[in-house]
Amino acid sequence: MGRLQGKIAIITGGARGMGAATSRLFIEEGAKVAIADVLDADGAELASELGDAARFYHHDVTSEDGWTELVRAVEADLGPTDILVNNAGILLFRTLLDTSLGDYERVLKVNLTGAFLGIKAVAPGMIARGKGAIVNISSVDGMKGANGLAAYSSSKWGVRGLTRVAALELGHRGIRVNSVHPGGVDTVMTNQDGSTREKVNERFGNVPLQRVGAPEEVARATLFLASDEASYLAGAEIAVDGGMLTGQYYENFPGAPGVN
């Protein structure tokens with residue numbers, strides 16, 4: 001407890017899923033959290049649940065003016081921003097040839113441009129204070145390819161590259177910038193049909209840990225990077241994926257027991 005004591009954090013997409021889990025965990029660890037999201041009902045309900053340490057702000061991550069207003073409001077209400085978690089994102093399952101330009105640009109605008117604008121908005125204040133931590137939520141699909149995810153994978157590869165550039169440009173000014181790369185996580189965004197956890201686990205039988213991840217498991221990695229425990233990490237990439245990126249497990253191969 002207390003790993004973020006006295007810190008002020010902005011978490012985008014903080015109203016549900018991984019963002020909500022991160023908001024809860026950060027507050028448990030002593031932070032005050034600005035829950036920034038377009039989901040007004042979910043955000044207000046979560047802020048009410050979490051008490052005085054949380055405030056909800058309606059925020060569109062694609063708006064540059066909105067970012068300026070958010071940072072000012074958070075500073076007035078809670079204090080200067082110490083931590084930014086660029087978590088807001090949208091998912092689109094569609095083949096490359098079936099993806100319209102409008103859909104492609106919409107995904108990139110939320111997932112990538114939103115993170116870019118967030119960094120630009122909070123960095124000046126962090127630089128002035130000589131410290132800060134930024135955690136960008138990318139994806140395992142920002143480290144590999146996957147059919148049906150042309151827009152999403154492009155955006156998450158972009159977040160990965162943006163993180164490295166920001167780490168280079170801001171590290172010597174006291175700001176640590178790192179990224180988290182979730183694999184399959186049981187959230188509304190990825191489990192759109194509301195399947196049970198057991199049913200979702202069946203889709204991950206070829207992953208080393210053979211199950212889907214929980215939002216709290218991603219939140220713990222984000223907490224680590226946001227905390228002083230990660231004081232010597234910059235440009236780091238943590239895959240929270242149950243081993244998905246490790247490779248393919250072959251059960252039947254020449255010479256395997258029972259295989260001729």
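Contact here means heavy atoms within 4.5 Å, and helices (H or I, at least four residues) and strands (E, at least two) are DSSP runs numbered from the N terminus. This is a predicted model, where local features need pLDDT of at least 70, side-chain atom pairs count only at pLDDT 80 or more, and totals for chains, interfaces and linings use all residues. Residues are numbered from 1 along each chain as its sequence is written, and side-chain values use heavy atoms, with hydrogens and water left out.

**View 1. Helix α4 lies across part of the sheet.** Start with α4 (residues 101-129), which lies across β1, β4, β5 and β6 (175-182). Its direction is about 175 degrees to that of β4; axes are lines fitted to C-alpha atoms, for helices over the stretch in contact, and angles run from 0 to 180 degrees between N-to-C directions. Look for the kink of about 40 degrees centred on Lys 109, where the bend is the angle between axes fitted to the seven residues ending there and the seven starting there.

**View 2. One side of α4 to explore: its buried residues.** Among the buried residues of α4 are Asp 103, Asn 111, Gly 114 and Met 126; buried means under 20% relative accessible area, exposed over 50% and partly exposed in between (1.4 Å probe, protein chains only). Their cover includes β1, α3 (64-77), β4, β5, α5 (150-170) and β6.

**View 3. Seven strands make an open sheet.** The 7 strands run in the order β3-β2-β1-β4-β5-β6-β7, with parallel pairing; two strands pair if DSSP finds at least two bridges between them. At the edges sit β3 (54-58) and β7 (237-240), each pairing on one side only. Zoom in on β1 and β2 and you'll find 5 bridges, with Ala 9 partnered by Val 33 in β2.

**View 4. Phe 26 and Ile 83 in the largest nonpolar core.** This core has 31 residues, and Phe 26 and Ile 83 have the most contacts inside it. A nonpolar core is a set of buried Ala, Val, Leu, Ile, Met, Phe, Trp, Tyr and Cys residues joined through side-chain atoms within 4.5 Å. Leaving aside neighbours within four places in sequence, Ile 83 touches residues including Leu 4, Ile 10, Phe 26 and Ala 133. Apart from this core lies another, of 27 residues, among them Leu 70 and Ile 119.
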